[in-house]
Amino acid sequence: GGGTGNGFFRAPAGIAVDHKEEFIYVADAKNHRIQKFQTNGTFETEWGSHGNGNGEFKFPAGIALDAEGYVYVSDLLNFRIQKFTSEGEFKESWNLGGLSVVLSIAVRDGYIYAADVFGNRIMKFSSDGEVAAMKLCDADTPVAVTVDQEGRVYWSDQKNNCVYKLN
């Protein structure tokens, strides 16, 4: 239900499950936090608050985990991606430049893929924030991105009502 307490949400945006399928992470956008649950639904912990400092958010949206268990969050109105441990300890962040609005991110093989809605592009970063491809490909209003086991990138295009694949 809606609310601000543990286990309650105000506009849950992104959701991710760890590789061991033990925990679920939810980007709770209007509460400006990340909530972590056991897969049976039991609340585990939360982190974040409203702001623009390290570990703070202005509408966290996309969330993804890498194979090492690090949690990556697209911080929508701070125009950045933040990296945390699985327990919420801030590690680093990087600015997306300009007015990049990233609703969705995916992680695969040490790279972070970001769907930049207003930039009409899919961006690719290394796990330490170095730009691997500022514009991996053109995309028209990409709102979600994912990467399969073979490294193929897929994204949804809200404007044209399509799903695309980049080999």
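User: Which residues form one aromatic cluster here?

Analyst: In general, rings of Phe, Tyr and Trp (its six-membered ring) pair if their centres lie within 6.5 Å; planes under 30 degrees apart count as stacked, over 60 as edge-to-face and the rest as tilted. Here Y25, W47, F57, F84 and F90 make up one aromatic cluster. This is a predicted model, where local features need pLDDT of at least 70, side-chain atom pairs count only at pLDDT 80 or more, and totals for chains, interfaces and linings use all residues. Residues are numbered from 1 along each chain as its sequence is written, and side-chain values use heavy atoms, with hydrogens and water left out.

User: How many aromatic pairs does this rule give?

Analyst: The count is nine aromatic pairs. Take F9 and F37: their ring centres are 5.9 Å apart and their planes at 55 degrees, so this pair is tilted. F9 lies in the segment before strand 1 (12–17) and F37 in strand 3 (residues 33–38), 28 residues apart. Strands (E, at least two residues) are DSSP runs, numbered from the N terminus.

User: Is F37 buried or exposed?

Analyst: Buried means under 20% relative accessible area, exposed over 50%, partly exposed in between (1.4 Å probe, protein chains only). F37 has a relative accessible area of 8%, so F37 is buried.

User: Which ring does K36 lie over?

Analyst: A charge sits over a ring if NZ of Lys or CZ of Arg is within 6 Å of the ring centre and within 35 degrees of the ring normal. K36 lies over the face of F23, 4.2 Å from the ring centre, and K83 over that of Y70, at 4.5 Å.

Conventions. Helices (H or I, at least four residues) and strands (E, at least two) are DSSP runs, numbered from the N terminus.
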